[in-house]
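Here is a briefing on one protein chain. Look over the sequence and the fold, then work through the points by topic.

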Amino acid sequence: MRTGLVLEEFRVQPMKRAGGGWSYTIVWPDCSVDPEADGYLRTHEDSGSQKTYA
């Protein structure tokens, strides 16, 4: 089952964190995480803007 918003060839993937919060990243069709996007999104972890940036 696929979750998240799918755009063209990638998707925004929500990930439940150990503390109960949520993080978001960009995942390609082969299920690999986009390192550039993930690196940028990690700088906004715990902010309400992370999902918007993803």
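Cys-31 sits in the loop between strand 3 and helix 1. Its phi is near 70°, a positive value in a residue other than glycine. Most residues other than glycine have a negative phi. Cys-31 is exposed, because its relative accessible area is 57%; exposed means over 50%, buried under 20%, and partly exposed in between (1.4 Å probe, protein chains only).

The model is predicted: local features need pLDDT of at least 70, side-chain atom pairs count only at pLDDT 80 or more, and totals for chains, interfaces and linings use all residues. Residues are numbered from 1 along each chain as its sequence is written, and side-chain values use heavy atoms, with hydrogens and water left out.

**Overall layout**

- The protein chain holds two helices and three strands; helices (H or I, at least four residues) and strands (E, at least two) are DSSP runs, numbered from the N terminus.
- The order of elements from the N terminus is β-β-β-α-α.
- The protein chain has 54 residues, and 22% of them count as buried.
- Its accessible surface comes to about 4,000 Å², computed by the Shrake-Rupley method with a 1.4 Å probe; for residues, only the protein chains shown count as cover.
- Carbon and sulfur atoms hold 54% of that surface.
- Among contacts in the protein chain with a separation of 6 or more, 15% join residues 24 or more positions apart; a contact means heavy atoms within 4.5 Å.

**Strands 2 and 3**

- Strand 2 and strand 3 run antiparallel and are joined by six bridges; two strands pair if DSSP finds at least two bridges between them.
- The two strands form a hairpin with five residues between them.
- Gly-20 lies in the turn and has a positive phi of about 100°.
- Arg-11 stands opposite Val-27 in strand 3.
- Lys-16 has Trp-22 in strand 3 as its bridge partner.
- How much of strand 3 is buried? Five of its six residues are, so the strand is mostly covered.
- In a regular strand the side chains alternate between the two faces of the sheet.

**Met-15**

- Met-15 belongs to strand 2, which spans residues 10-16.
- Met-15 counts as partly exposed because its relative accessibility is 33%.
- Leaving out residues up to four places away in sequence, Met-15 touches Gly-21, Trp-22, Ser-23, Tyr-24 and Thr-25.
- Met-15 and Thr-25 are ten residues apart in sequence, and their C-alpha atoms are 7.9 Å apart in space.

**The aromatic pair**

- The count comes to one aromatic pair; rings of Phe, Tyr and Trp (its six-membered ring) pair if their centres lie within 6.5 Å, with planes under 30 degrees apart stacked, over 60 edge-to-face and the rest tilted.
- Phe-10 and Trp-28 form this pair, which is edge-to-face, with 5.5 Å centre to centre and 70° between the planes.
- The pair links distant parts of the chain, 18 residues apart.
- Phe-10 is in strand 2, while Trp-28 is in the loop between strand 3 (22-27) and helix 1 (35-42).
- Phe-10 is partly exposed, because its relative accessible area is 25%.
- Trp-28 also counts as partly exposed, at 31% relative accessibility.

- Side chains of opposite charge can pair when their charged atoms come close.
- Asp-38 forms this salt bridge with Arg-42, and the closest N and O atoms are 2.7 Å apart.
- Both residues lie in helix 1, four residues apart, about one turn of the helix.
- Are Asp-38 and Arg-42 buried or exposed? Asp-38 is buried, because its relative accessible area is 12%, whereas Arg-42 counts as exposed at 54% relative accessibility.
- The side chain of Asp-38 also makes a polar contact with the side chain of Thr-25, at 2.7 Å; a polar contact is a pair of N or O atoms within 3.5 Å, where within protein one must be able to donate a hydrogen and the other to accept it, and residues adjacent in sequence count only if both atoms are side-chain atoms.
- Neighbours within four places in sequence aside, Asp-38 is in contact with Thr-25 and Val-33.

Note on methods. A salt bridge is a side-chain nitrogen of Lys or Arg within 4 Å of a carboxyl oxygen of Asp or Glu.
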